[in-house]
Amino acid sequence: MRRAAPLVALLVASGAVFADAPDTSLRPIVRPAILETEQPQPVAPARALYTPTRPVARPADLTQITVRSPAPVQAPAPARQTGEGAGQHRPRIQQPSARGGLMASLRPLLRPLGIGRKAQERKRKLARGAVCGDMAIQGEEVGHVPGRISGCGIDNAVKIRSIGGVALSQHALMDCQTARTIKAWMQQGMAPAVGGYGGGVAQLRVAAHYSCRTRNNRKGAKISEHGKGHAIDIAAFQLRDGRTISVLNDWGSGKKGRMLRKMHRSACGPFGTVLGPESDRFHRDHFHFDTARYRKGSYCR
Ligand SMILES: [Zn+2]
C-alpha cells in the first residue's frame, strides 16, 4: 500500500495529458488491448465504461483514476466477494476516489484476513473446551466430586475428552495435575515411542479413571489413587490407520512390544507410580499411571 501513493500521484498528474490527447493518438488504442490481455477476466463495471459515446481509446483503469470522472466508482463484482472480510471493505470501494482503480482488486488484500479469521475462530472453539488453563487439554470442569467413602473424591475435578488432539475412549475424571502429567508424557514419551507408525496415536483406550475403591479392589486395602482422581489405566493405543497397540496382546513381542516398553519406561518419572504387565496379575492388560508422590521417588514395575 505504501507504494501506491506515488503511483496514484503520477497517474493523476498524467490524467490531464490523456484528457487533452487527440482521439487519433495511437497510445490509447494500444493500451486497452494490453490491459485486456493482462486481465483475462475484466470486471463487469469496468467493461461498461467502453461505450461508443466515450472516446474509444480511453483505457478503463486510467479513466477511473482521472479526477474529472464524475461517476462514482462501483465495486468490482461485489457479489463474488464471499470472503468473510468482504463486507468490511465495501464502504471504501464505493467512495468515488482517485484510488478507486487501484483499490478495485481487493482479493489479495482480503485473502490473508479470511485465513486469519478462520484460525482465530478455531482458537476460540478450542478455548471454549479448554480446561486446566491449557488449550491442548479439552474437556469440561466438573468441580468438587464427593467421595462415597472417606478418602475418595476430587477437588476441582475435570472431565477430559482429548489431550493434544488425541481422544480418550471414555471421558476421564481426574484433577488438573494428572491431566497435565498425561499431556507431558504423551508429548515426551508416547509420541516419540510410536513415531509415524500407523500415522501416530489417534485415541487412548482408557480402561479406568476415577473410581472410589481400594487398591486392586481388595478389602481392607488402602484407597486407590483412582479414588482421588490421580490415576488413569490405559489398555491400548488406537492408531490413525485403524490398527491398535494393545498392552494385553503386544507386550513383550515385536515392534509394538518395543513401543509399549518405551512408553512404559518414559512414564516413570512424570508419574509417581507406573505399573505394567510385569508388575502383577492385575496389570496384564493395561498400564496404570498415577501422580501420587513418594519420598523415594517413582515406583515403576
Ligand atoms: Zn489403575
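View 1. Strand β4 (residues 166-174) and strand β5 (residues 201-208) run parallel and are joined by two bridges; strands count as paired if DSSP finds at least two bridges between them. Helices (H or I, at least four residues) and strands (E, at least two) are DSSP runs, numbered from the N terminus. A167 has Q203 in β5 as its bridge partner. Between β4 and β5 the chain passes through helix α8 (residues 176-194), and this β-α-β crossover is left-handed. A crossover is called right-handed if, with the strands pointing away from the viewer, the path from the first strand over the helix to the second runs clockwise. On β5 there is also strand β6 (residues 231-239), which runs antiparallel to β5 and is joined to it by six bridges. There, R205 is bridged to A236 in β6.

The model is predicted: local features need pLDDT of at least 70, side-chain atom pairs count only at pLDDT 80 or more, and totals for chains, interfaces and linings use all residues. Residues are numbered from 1 along each chain as its sequence is written.

**View 2. The largest nonpolar core.** This core has 39 residues, of which I160, M174 and A179 touch the most other members. A nonpolar core is a set of buried Ala, Val, Leu, Ile, Met, Phe, Trp, Tyr and Cys residues joined through C-beta atoms within 7 Å. Elements giving two or more residues to the core include β3 (153-163), β8 (273-275) and β9 (287-290). Helix α8 provides the largest share, seven residues. Leaving out residues up to four places away in sequence, I160 touches I137, G139, L168, H171, A172, M174 and A179; contact requires C-beta atoms, placed from the backbone, within 7 Å.

**View 3. M263 in helix α10.** M263 belongs to helix α10 (residues 254-267). M263 counts as buried because it has 26 C-beta neighbours inside 10 Å; the cut-off for buried is 20 or more, for exposed 12 or fewer, with partly exposed in between. Apart from residues up to four places away in sequence, M263 touches G189, M190 and A193. The C-alpha atoms of M263 and V194 are 8.4 Å apart, although 69 residues separate the two along the chain.

**View 4. Confidence along the chain.** The mean pLDDT, the predictor's confidence in each residue from 0 to 100, is 77 for the chain, and 62% of residues reach 70 or more. Residues 1-22 have pLDDT below 50, with 17 contacts beyond near neighbours in sequence. Where pLDDT is low, the predicted coordinates should not be read in detail.

Definitions and conventions:
Two residues are in contact if their C-beta atoms, placed from the backbone, lie within 7 Å.
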